[in-house]
Amino acid sequence: MVLYFIGLGLADERDITVRGLEAVRGCSRIYLEAYTSILLVQKENLEKYYGKEVIVADREMVESQVDAILSGADKEDVAFLVVGDPFGATTHTDLQLRAKALGIPVSVIHNASIMNAVGACGLQLYRYGEAVSIVFFTESWRPDSFYPRIAANRQRGLHTLCLLDIKVKEPSLESLARGRKVYEPARYMTVNTAIEQLLEIEEDRKEGAYGPDTLCVGVARIGSDTQQIVAGTMSELAGVDFGPPLHSLIIAGETHVIEQEILAQYRTQPF
């Protein structure tokens with residue numbers, strides 16, 4: 001039988017494609033990957049719309065208990081649902097490779113993801129460079145591997161999509177030190193936190209990759225009825241309330257006149 005990788009799109013249960021919905025309704029087991037991203041609705045909404053039970057697959061299951069997902073997939077159809085597009089995270093590539101190694105046929109049904117839907121902000125997709133991830137800083141860990149990538153993009157006049165961290169069912173360091181897992185409340189990085197951390201790293205490195213006056217675009221809940229797009233400098237966006245998750249940030253490179261015209265609709269201040 002078949003292991004289906006099915007993209008769910010960005011907002012709610014209705015964003016699944018027709019092909020994806022038909023595949024889901026024909027599957028015996030349905031897993032929802034729930035740690036690289038989230039839908040803006042609850043699992044129960046999916047179950048009602050699909051007419052099927054949905055099993056939440058957290059990071060621990062996908063990365064450590066993958067056999068549970070693959071078990072029996074050679075005898076029955078199994079769906080692995082991913083918010084956005086199925087291959088937006090390397091974990092899903094690993095699952096595909098494991099399935100093929102076991103002789104399980106794999107079928108992929110794509111969907112919209114932040115990687116293409118971000119075009120809604122007006123910055124043209126073919127003018128983007130390498131995307132980067134911004135993770136939550138801690139007292140002892142402030143990774144800045146994104147910095148040279150942003151610098152390289154801006155030197156070439158390219159925009160940078162910053163994917164912002166989410167923490168879902170993450171064990172606390174204190175609990176791990178005590179030998180038992182206690183999970184922290186879910187956290188989703190905001191545009192405001194991302195800008196604060198970016199400016200901290202620029203202050204430390206002082207290499208001029210960007211600064212408080214750099215043009216950016218903050219986006220929230222892209223693809224939903226409540227999506228929000230705001231353009232402005234880093235210092236301007238730091239004071240904007242973008243509302244509930246999920247958020248992303250684009251650091252603009254050189255802008256074409258058409259891009260500028262579209263961005264003007266979303267500006268906090270006129271150009």
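Me: Is Arg 98 buried, partly exposed or exposed, and what is the relative accessibility behind that label?

Reply: Happy to start there! In this predicted model, Arg 98 counts as partly exposed because its relative accessibility is 37%, and the label needs a value between 20% and 50%. Asp 94, at 36%, is also partly exposed. The side chains of Arg 98 and Asp 94 form a salt bridge, 2.9 Å from N to O. Both residues sit in helix α5 (residues 90–101), four residues apart, or about one turn of the helix.

Me: How many salt bridges does the whole structure have, and how many lie between domain 1 and domain 2?

Reply: The whole structure has 13, but the count between domain 1 and domain 2 is zero.

Me: What does the contact between the two domains consist of, then?

Reply: Look at the buried area: domain 1 (3–112) and domain 2 (115–266) bury about 1,000 Å² between them, with 57% of it on carbon and sulfur atoms. Leu 10, Ile 38 and Leu 40 provide 41% of the area domain 1 buries against domain 2, more than any other three residues. On the side of domain 1 that touches domain 2, seven residues are nonpolar, two polar and five charged.

How values were computed:
Residues numbered from 1 in each chain as written. Predicted model: local features only at pLDDT ≥ 70, side-chain atom pairs only at ≥ 80, totals over all residues. Heavy atoms only, no water. Domains from an automatic or database assignment. Buried area = accessible area lost by both parts, 1.4 Å probe. Salt bridge = Lys/Arg side-chain N within 4 Å of Asp/Glu carboxyl O. Nonpolar A, V, L, I, M, F, W, Y, C, P; charged D, E, K, R; others polar. Helix = DSSP H or I, 4+ residues; strand = E, 2+ residues; numbered from the N terminus. Buried < 20%, exposed > 50% of the residue type's maximum accessible area, 1.4 Å probe, protein only.
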